[in-house]
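This report walks through a single protein chain for a reader who has not seen it before. Please look over the sequence and the model before reading on.

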Amino acid sequence: MLWNAAEAADEPHLWAVVGATGTGKSELSLDLAEALDGHGRAAEIVNADAMQLYRGMDIGTAKLPVGERRGIAHHLFDVLGVTQEAAVAAYQEQARAAIDDIISRGRHAILVGGSGLYVSSVIYDFRFPPRDNELRAELEARLESEGAGALYEELRLKDPATAERVDPRNGRRVVRALEVLAQGDAGHGAALPEKPVPWRDMTIAGLRMERERLVERLDRRVELMWEQGMLAETDALRAEGLEEGKTASRAIGYAQALAQLKGEKTEAEAIAETQALTRRYARRQVSWFKRYENTLWLTR
């Protein structure tokens, strides 16, 4: 179905390649770009992986090296330093601008990544409430002193529907939900709307894999990360201020490598925890993307 759609695509078009981590999205996006090019119109790729926005976070994010991108233009990779905070509202504006530019030049745009909220912010009519920096600072101070659990309980009492969609352990998401709620926007969702409206005409290709096979693949990938130099990469990023970065320092794998560097975890503990968190993250991705309607699913 996907390749039939590619063959029939005469006009510049938006494509989205989604799925859980480790299913092969990068490879599929390159194959799709080459198929589209073979039918007469070139394609360019736009990143939708929040952690691949960061310069230097390569091994731990399985970022495709430039030399393996088959000469296809890639956008929104390596655009943030590790001390900067990734914000989905800013990303939405940048990604849509990149897609508009690609299509205006007569090319297909392929959005690829597994960060569900980032993908949804681009392909659906997602509108973000404004930020209140002063209120955010107050909530972050409370997060530091009271912990995520106390703030989550406050959110649950004020807005149960939103609380159900937020991971109680994700302090940043809890803070953002309370910030939005305080500005009078109850039930903003923190997730894909119940009936999403497409931003523009598009084709969504989804990758899935039998759970047992995916788990084996993910566990081995984490082991390879350490074999390929995850600790050295994290140490180099530490010198660039990784520990001060609110987003980058908490990334799966990097947080564990930092703990190992500081002597708080052994290598075996760091790897095991990264594997467990990666498996959990993959489960959340599967749940998120299965709600996308009219997706052309491919099983690997």
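Which helices do the buried residues of α6 pack against? The model is predicted, and in it these residues pack against α5 (133-146), α7 (160-165) and α8 (171-182).

Helix α6 covers residues 148-158, and its buried residues are A148, L151, Y152, E154 and L155. Viewed down the axis of α6, these buried residues fall within an arc of 155 degrees, so they line one face of the helix. G149 and L157, on the other side of α6, are exposed.

## Salt bridges

How many salt bridges does a search of the whole structure find? The search finds 26. Three of them are set out below.

| Salt bridge | N to O distance | Location |
|---|---|---|
| R172 and E85 | 3.2 Å | helix α8; loop between β3 (74-75) and α3 |
| E146 and R142 | 3.0 Å | both in helix α5 |
| E154 and R142 | 2.6 Å | helix α6; helix α5 |

R142 has a part in two of these pairs: it forms a salt bridge with E146, and its side chain meets that of E154 in another. E146 and R142 are four residues apart in helix α5, which means that about one helical turn separates them. R142 is partly exposed, with a relative accessible area of 25%, and E146 is partly exposed at 42% relative accessibility.

The side chains of E154 and R142 meet in a salt bridge with an N to O distance of 2.6 Å. Because E154 lies in helix α6 and R142 in helix α5, this pair ties together parts that are twelve residues apart in sequence. Is E154 buried or exposed? E154 counts as buried, at 19% relative accessibility, where the cut-off for buried is under 20%.

Salt bridges that share partners also join E85, R136, E140, R172, R176, E179 and K246 into one network. R172 is partly exposed, with a relative accessible area of 28%, and E85 is partly exposed at 34%.

In soluble globular proteins, nonpolar side chains tend to be buried together. The largest nonpolar core of this model has 48 residues, of which M57, Y91, L111, I123 and Y292 touch the most other members. Helix α3 (residues 88-104) provides the largest share of this core, seven residues. Another core, of 20 residues, lies apart from it and has A9, L32, L36 and L64 among its members.

What does M57 touch, not counting residues up to four places away in sequence? M57 touches M51, K63, V82, E233, L237, A248, A251 and Y254.

## A buried glutamine

Q260 is found in helix α11, which spans residues 254-261. Q260 is buried, with a relative accessible area of 15%. Leaving aside neighbours within four places in sequence, Q260 is in contact with W226, L231, K265, T266, E267 and A270.

## Backbone angles

Most residues other than glycine have a negative phi. R70 has a positive phi, near 55 degrees, and is not a glycine. L76 is likewise not a glycine and has a positive phi of about 65 degrees.

Where are these residues placed? R70 is in the loop between β2 (43-47) and β3, while L76 is in the loop between β3 and α3. R70 is partly exposed, with a relative accessible area of 38%, whereas L76 counts as buried at 14% relative accessibility.

Technical notes
Residues numbered from 1 in each chain as written. Predicted model: local features only at pLDDT ≥ 70, side-chain atom pairs only at ≥ 80, totals over all residues. Heavy atoms only, no water. Buried < 20%, exposed > 50% of the residue type's maximum accessible area, 1.4 Å probe, protein only. Helix = DSSP H or I, 4+ residues; strand = E, 2+ residues; numbered from the N terminus. Arc of directions from axis to C-beta. Contact = heavy atoms within 4.5 Å. Core = buried A, V, L, I, M, F, W, Y, C linked by side-chain atoms within 4.5 Å. Salt bridge = Lys/Arg side-chain N within 4 Å of Asp/Glu carboxyl O.
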